[in-house]
Amino acid sequence: MALLVEQFRTGGDRNFGYLAADEESRLAFIVDASYDPRSIVHAATARGYSVRYIFSTHSHQDHTCGNDLAGRLTGLEPLLYGSTCPLTGIRVLDGACFPLGAHELALIHTPGHTPDSICLYSGGSLFTGDTLFVGKVGGTATDDDARSEYDSLHKKLLTLPPETTLWPGHDYGLRPVSDIGTERMTNPFLMRADVAGFIELKRNWAAYKKEHGIA
């Protein structure tokens, strides 16, 4: 059965939040409720979903600021990297799998933008937070962080099937959704030949954007 995904513009700096559900069981999870958890929880109720999990893709305030309210509205404990789900006893670590009806929700640890960044993969959909955007990648503070992000992208995310739908944490690209195959062929950061080229592009991104007319 399909994974049903709804994308929400939650405010902030063009933040996206998500509601995703197993079509048959109507079990659902929320990703990055951020500035508008109420709309996401109300949508779940209206669609007859039972929210099973709340995840934040990393600990930056613009992705976690709605967690307290989301928790109060659902009775659930929002989960970040390293936390343990009270319902399942499963710890949010790389490779962990959370049951969701006919689906499993796989956790992928993708350090780089932050040490605790995660992506969530289920039913052909990948929720990337601030690790991978449409046509761009997440910001990094140091060259070491950039190397970690490069590894996260190439050793983990780009190993997924090309048809995998990419749901980013912000509306920073030319469109609000993409797929792994398209990003592999068109995202300038993913097209760098090696990590040195990746870091060089990060250092010169402003000039590259101006040269190529990227907003």
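Student: Is S34 buried or exposed?

Tutor: S34 is buried, with a relative accessible area of 1%. Buried means under 20% relative accessible area, exposed means over 50%, and partly exposed lies in between (1.4 Å probe, protein chains only).

Student: What should I know about the model itself?

Tutor: This is a predicted model: local features need pLDDT of at least 70, side-chain atom pairs count only at pLDDT 80 or more, and totals for chains, interfaces and linings use all residues. Residues are numbered from 1 along each chain as its sequence is written, and side-chain values use heavy atoms, with hydrogens and water left out.

Student: Where is S34, and what is its phi?

Tutor: Start with the general idea. Most residues other than glycine have a negative phi. Now the case here. S34 has a phi near 45°, a positive value in a residue other than glycine. S34 sits in the loop between β3 and α1. Helices (H or I, at least four residues) and strands (E, at least two) are DSSP runs, numbered from the N terminus.

Student: What is the phi of R26, and where is R26 found?

Tutor: Phi of R26 is near 65°, again positive in a residue other than glycine. R26 belongs to the loop between β2 and β3 (27–31). R26 is partly exposed, at a relative accessible area of 29%.

Student: How do I read a pair of packed helices?

Tutor: Two packed helices are described by the angle between their axes and the distance between the axes. The axes are lines fitted to C-alpha atoms, for helices over the stretch in contact, and angles run from 0 to 180 degrees between N-to-C directions. Take α1 (residues 37–46) and α3 (residues 67–74): they pack at about 25°, with axes 9 Å apart. They are therefore roughly parallel to each other. Angles under 35 degrees count as roughly parallel, over 145 as roughly antiparallel, 65 to 115 as roughly perpendicular and the rest as oblique.

Student: Which residues of α1 and α3 make the contact?

Tutor: From α1 come P37, R38 and V41, and from α3 come L69, A70, L73 and T74. Contact means heavy atoms within 4.5 Å. By class, there are five nonpolar residues, one polar and one charged. The nonpolar class holds Ala, Val, Leu, Ile, Met, Phe, Trp, Tyr, Cys and Pro; Asp, Glu, Lys and Arg are charged; the others, Gly among them, are polar.

Student: What does P37 touch?

Tutor: P37 touches G66, L69, A70 and L73, not counting residues up to four places away in sequence. P37 and A70 are 33 residues apart in sequence, yet 5.4 Å apart in space, C-alpha to C-alpha. P37 counts as buried, at 5% relative accessibility.

Student: What is the angle between α4 and α6?

Tutor: Helix α4 (residues 143–155) and helix α6 (residues 195–203) pack at about 120°, with axes 10 Å apart. They are therefore oblique to each other. The contact is made by D143, A146, R147, E149, Y150 and L153 of α4, with V195, F198, I199, K202 and R203 of α6. Those residues divide into six nonpolar, no polar and five charged.

Student: Where is L201, and what does L201 touch?

Tutor: L201 lies in helix α6. L201 is buried, with a relative accessible area of 2%. Beyond four places in sequence, L201 touches P188, F189, R192 and Y208. The C-alpha atoms of L201 and F189 are separated by 7.0 Å, and the two residues are twelve apart along the chain.

Student: How many aromatic pairs does the structure hold?

Tutor: Rings of Phe, Tyr and Trp (its six-membered ring) pair if their centres lie within 6.5 Å; planes under 30 degrees apart count as stacked, over 60 as edge-to-face and the rest as tilted. The structure holds twelve such pairs. Among them, Y18 and W167 are edge-to-face: 5.7 Å centre to centre, 65° between the planes. Y18 lies in strand β2 (residues 15–22) and W167 in strand β9 (residues 165–168), so the pair ties together parts 149 residues apart in sequence. Y18 counts as buried at 2% relative accessibility, and W167 counts as buried at 15%.

Student: How are W205 and Y208 arranged, stacked or edge-to-face?

Tutor: W205 and Y208 are stacked: 5.4 Å centre to centre, 15° between the planes. Both lie in helix α7 (residues 205–212), three residues apart, about one turn of the helix.

Student: Which residues form one aromatic cluster?

Tutor: F16, Y18, F29, F127 and W167 do.
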